[in-house]
Each structure stands twice: as structure tokens, then as C-alpha cells.
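User: I have not looked at this one before. Can you walk me through it?

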Amino acid sequence: MNKYPNVDGYKVDEVTATKLISTDVLVVGAGNAGMMAAAAAQEKGAKVILIEKEKTINLMRVGIASVGSNAQKRAGTVINKQELVESLASFAQHNVDERLLKTWVDNSAESVNWLEDKILKPNGAHFKSEPDAMMTNKAYQGFPTENDPTIDDESFVSYGNWFVKYQKEHKIDIRYQTSLVKLLKEKDTVTGAIVKDLGSDEFYEIRASKGVIIATGGYSANKDLLQKWNALSLKKNVYNDSPRSNGAGITAALNVGAKRDEEPAESIFDRGLVPIGTKTEDLYYQTDSYDNWLWIGSYPFLKVNLRGERFANESIPYQFIVNAASKEPGYLYAMVWDDNYAEYLEKMHMLGCARYGFPGYMTDKAAFVKDTESYVEKGLVVKADTVEELAEQLKLPINALKQAITNNNKSVISHNDQEFGKEAYRLTPVKKAPYYGCILGGRILCTFDGLRVNTKMEVLDENHQPIRHLYAGGNDSGGFFWGSYNDRVPGLASSHAQTFGRLAGKNAAEN
Ligand SMILES: Cc1cc2nc3c(=O)[nH]c(=O)nc-3n(C[C@H](O)[C@H](O)[C@H](O)COP(=O)(O)OP(=O)(O)OC[C@H]3O[C@@H](n4cnc5c(N)ncnc54)[C@H](O)[C@@H]3O)c2cc1C
């Protein structure tokens, strides 16, 4: 009997397969980990089937971390491996498997180089190392880990279609609209899976002689699982930006005896615009198109709680302001800024995915203004000629907001934030009308707590023994993150997925 119900609602104990097909390696999920896993297994000589429940692969991420890639060598970017491992472990208070951190550090460059050589270069693109690192204050150590796929060194290029072409040329059998229903295990070995062809409604068995790799991207789209494993995330987040990831892989593996992380880990963006007057628990909006995503939300402008009081240093990793707000009434917060805001953006020197000049998107001041004004039109950002009027529109107590703005403006003049210590170069006045404001809440990008794996990406059972022929990669694999995402190591999430996907593919093929 399965401990977890099938997340798509199939009655797994009653499902009968109508046919059987065989392969060496079955990869579940054509996203960042699964695409790399399939290619790596094929490269090692395995016959590979890659199933994907949607009609397309998932977005292959740009901005991928590594230590010592060829792009980094060309740019002279040097990162101390030991320092980075220790920093990641300390960020997680060592609630992680340090061997996995080391495995990532040691293998990330090979993974990024493979992508550059096999997918980017044949299509006229390459990686560019981003040599700058986000250093704001001593509490957060930054590392210049990011590699950006580009043709012209100015803008990002997307490479998903090139990757699909590569897979086809290498005879990888990609089956779209094919969903994992359950894993099959005989004695101590996973032998394959029952899958559903969503086009024909047919259930069939894929037998995989060398192994199954689970890479379905975590569980942020599944409210029941969030309630069970990370209940606070439902209050912190008003959006989920990974609607494909409903925990199918993790629950299927748990049903064959896998062990999962016991504490949550997640990545949350601080850009979720909330209709004024809406409670956080009223909303859980699933989107893959960046709806109501305010770019300047990640900038360290003045932020106050729903009582109009400043509650934290705004110049912190992007998830941390959402964490801090989760200790405040209503779990949401407001951001206020003034008419000169576009002039301050560049000097705030944001990096990673909040960067001023984000290639292809937020290239200049005009792009930020256009983004912001589009939400004024939608009523999610409000504009007012006086602070009183702004407070009214945001439904914030007027006196408290006035006080917060007065304190803020004093800090700007004295170059000293006596309340929370925001760096002087990031202090910006709120004094030139019209004033702007909005209510913000978290956007969960993905969950990271997953199946326990060893450094070969073999999934472990309750006794910490590998389950034969079962592998996991990406957000379905755990032990690597704990709590919040470390944005001072830009591109870590996608690189973790791709590097570990690649390792899972290689190791499964070598069985
Ligand atoms: C908006 C956004 C911005 C981000 N920005 C960054 C960034 O700048 N840098 C960074 O490093 N990371 C970023 N991330 C995180 C990064 O995208 C993820 O960590 C990474 O994609 C995880 O890879 P994965 O392979 O585990 O999952 P995914 O890439 O999500 O792939 C999982 C795949 O499995 C498929 N699937 C699910 N269930 C089934 C099933 N039952 N059967 C078959 N297939 C199934 C899904 O459809 C999907 O295609 C961002 C994420 C989001 C949402």
C-alpha cells in the first residue's frame, strides 16, 4: 500500500499497465536536472527515455553557478573552493551534508563546460563569467559564481531548444505529456515505473535496467504537501512561480521506501505584488509567466510592516525580508519610494537576478520605470501627492508611515541608518512627490527539501542505505539546502540541479 496518494489523483493501486517498454535509464522530468541527466546517461552509452508531463521541457535557466569553469578561467575569476563550501555550510548552520556541497563545488565547472561545449558553442553562443560579487556587509559573503549564456556579451541567450535538438540527435527518446504515476520495485531494486500517456489516457510500464532518475522539481505547487512539510511557506508566499512542480517525484520515491529531508528549504523572491487589502492567506497564485512581479521589489527601498513601522534592514538576501515579514502582523509588508527612484537604482549595485542592467530585461532606467508604471496602471502600485494620501491608499496607519519616512530621510542626511544599519550608499530619500507604494509578499520559486541522496545521487532509504537503481537530481534531491536560499552565490539553484542531474545520469548509466 502506498503511503502517499498519487499527487495527480490516480488510484495507483488500481492502475494496470497496458504495455511494457524497456530502456536502460528512465529520467523523470525534462527540466534543469532531467535534461542534463538524460544527456549524461546517453553519453555513457545508455539507452535513455526522458518523460515530461507537459508539452514542452521546462525553462533551462540562465545565470548558472560554478567554480572554475572555462568562462571563469578566461575572465580570471577565482573562487576559493574551501571558503565557498564553508560559507554554504554555515549559511545552513550545517543542517546539510557537507559532502554534497563539496561534490557540487568539485563538479560544477565540468557541468557548465559541458553545456558550453555541447549546447552553446555549436549554436554560436558561449558563457560569460560575471566577475562581480554582491558584497554588502560582513554578515554575508559573496562569491562571483555566475556564468551567463550569451552571444554578444550584452544579453542572455536561451538554449532550451538547442538542448532538445541535441537530445534528438543523440537518440534520447523524449516523451512529452507523459507523467510518472508510480515507481516499481522488486525486492531491493527499482525496476522502472508506471507512467501515463496524458494524450491517450493510457497507463504503461517503462522498465529501466540501469535505473530511474527522479527530477520533477520539488513540490511548491502542491498546497497539501506545503501544509505538511513547510506550513509557514503558505503564509509567507502569495505566488508560486513553479506551477509544474507538485511533488510527484518525491512522493513516488517515498512510496518505495526513500528518506526525505526533515526540515524545509525553499527559495523565495521578494517581488510579489499583492492587491491592497488582500490577506496573504487569501492568495496562492500559480504562474509561470512572472505575473505581478515587481522588479524593484528586490531593491532596498524603505519597507514597513502593515502597521507602517520599519522592521528590518532592507539590504539583505532577497528571501530574508520575506522571512522577517513573516514575524510581523499579516505576513505582508509595504514598500514606499519617491519620484526620483530610477536615479538611485544603479548606485544600489544590486547583482544576480536583481541586477541593474539585467541583460535582455532590465537593461536601463527606462525598463524599470516601464515595469513599475505598468503596475500603477493595474492598481497594484499606487501613486500619491502626499504621504497622508499614500498611507490611505495603502491602508497603512498615517502617523506611523510618516514617522518611518521621517526617520528614513534623517538617515539619508546623516549617512547613517541608526535603526538597522543599512549601508549609506543604499539609503534613499522619500521626499519628492509623487510618492509610490505597494504591498509585497513572497513568491516561492521552488522547494529544496528533497530525497536524501549520497554523492552518487543514489536515493537513500530510512537506514541511509542506497535504494538500488533509484537516483534523484535537482529540487527532488535533498541534503544540500536548508532554510533559505543563499543569493550571494548567484546561480546556485540551477547549477545544483544541472550538476547533480549530470552526476545522476553518469552514475545510473555506469550501473
Ligand atoms: C521564476 C524563477 C526564477 C528562478 N531564477 C533562478 C536563477 O536566477 N538562478 C538559479 O540558479 N535558479 C533560479 N531558479 C530556480 C531553478 O529554476 C530551479 O532550482 C531549477 O529549475 C530546478 O531544476 P529541476 O530540474 O529540479 O526542476 P525543473 O527545472 O522545475 O524541472 C522539473 C520538470 O519535471 C516535470 N515534471 C513534474 N512532475 C512530473 C511528472 N509527474 N512526470 C513527468 N514530469 C514531471 C516538470 O514539468 C518540469 O519540466 C528560478 C526559479 C524560478 C521559478
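Analyst: We can go from the overall build to the ligand, then to some single residues. Keep in mind that this is a predicted model.

User: Fine. How many helices and strands does the protein have?

Analyst: There are 14 helices and 18 strands. The radius of gyration is 23 Å, close to the 24 Å given by the globule rule for 511 residues, so the protein is as compact as a globular protein of that length.

User: And what box do the C-alpha atoms fill?

Analyst: Roughly 70 × 50 × 40 Å, taken along the principal axes.

User: What share of the residues counts as buried?

Analyst: Of the 511 residues, 53% count as buried. On contacts, if you take those with a separation of 6 or more, 76% are between residues 24 or more positions apart.

User: Now the ligand. Which residues come nearest to it?

Analyst: Gly29, Gly31, Gly217, Ala248 and Gly474, out of 34 residues around the ligand.

User: What is that shell made of, by residue type?

Analyst: It divides into 13 nonpolar, 15 polar and six charged residues.

User: Which helices and strands each supply at least two residues of it?

Analyst: Helix H1 (32–43), strand S7 (178–186), strand S16 (435–447) and helix H14 (492–509). H14 gives the largest share, four residues.

User: Let's stay with H1. How far does it reach from its first C-alpha to its last?

Analyst: H1 spans 17 Å with 12 residues, close to the 16 Å expected at 1.5 Å a residue.

User: Is H1 largely enclosed or open, and why?

Analyst: Largely enclosed by the rest of the structure, because 11 of its 12 residues are buried. Among the buried ones are Asn32, Met35, Met36 and Gln42.

User: What do those buried residues pack against?

Analyst: The partners are strand S1 (20–28), strand S2 (48–51), helix H4 (98–120), helix H5 (160–169), strand S9 (202–214) and H14.

User: What follows H1?

Analyst: Gly45, with a positive phi near 95 degrees.

User: Where else is phi positive, in residues that are not glycine?

Analyst: Gln177 is one of them, with a phi of about 50 degrees. Gln177 sits in the loop between strand S6 (173–175) and S7. Asn292 also has a positive phi of about 50 degrees without being a glycine. Asn292 lies in the loop between strand S12 (285–286) and strand S13 (302–305).

User: How many C-beta atoms does each have within 10 Å?

Analyst: Gln177 has 15 others within 10 Å and is partly exposed. Asn292 has 19 and is partly exposed as well. A residue needs 20 or more to be buried.

User: What about cis peptide bonds?

Analyst: One joins Ala433 and Pro434, with omega about 0 degrees. Pro434 is in the loop between helix H13 (398–414) and S16.

User: S16 keeps coming up. What joins strand S10 to S16?

Analyst: Three bridges, with S10 (residues 237–240) and S16 running parallel. Tyr239 stands opposite Arg443 in S16.

User: How does S10 pair with S12, parallel or antiparallel?

Analyst: Parallel, over two bridges. Asn240 has Gln286 in S12 as its bridge partner.

User: Which strands make up the open sheet of three?

Analyst: The order is S3-S5-S4, with antiparallel pairing. Strand S3 (64–65) and strand S4 (126–129) are the edges, since each pairs on one side only. S4 pairs with strand S5 (residues 146–150) over four bridges, and Ser129 stands opposite Asn147 in S5.

User: Last topic, Thr280. Where is it, and is it buried or exposed?

Analyst: Thr280 is in the loop between strand S11 (266–274) and S12. It counts as buried because it has 21 C-beta neighbours inside 10 Å.

User: What does Thr280 touch, leaving out residues up to four places away in sequence?

Analyst: Lys235, Val238, Gly330, Tyr331, Leu332 and Gly441.

Technical notes. Residues numbered from 1 in each chain as written. Predicted model: local features only at pLDDT ≥ 70, side-chain atom pairs only at ≥ 80, totals over all residues. Near = placed C-beta within 6 Å. Nonpolar A, V, L, I, M, F, W, Y, C, P; charged D, E, K, R; others polar. Rg over C-alpha atoms; globule rule 2.2 N^0.38 Å. Contact = placed C-beta atoms within 7 Å. Pairing = 2+ DSSP bridges. Expected span 1.5 Å × (residues − 1).
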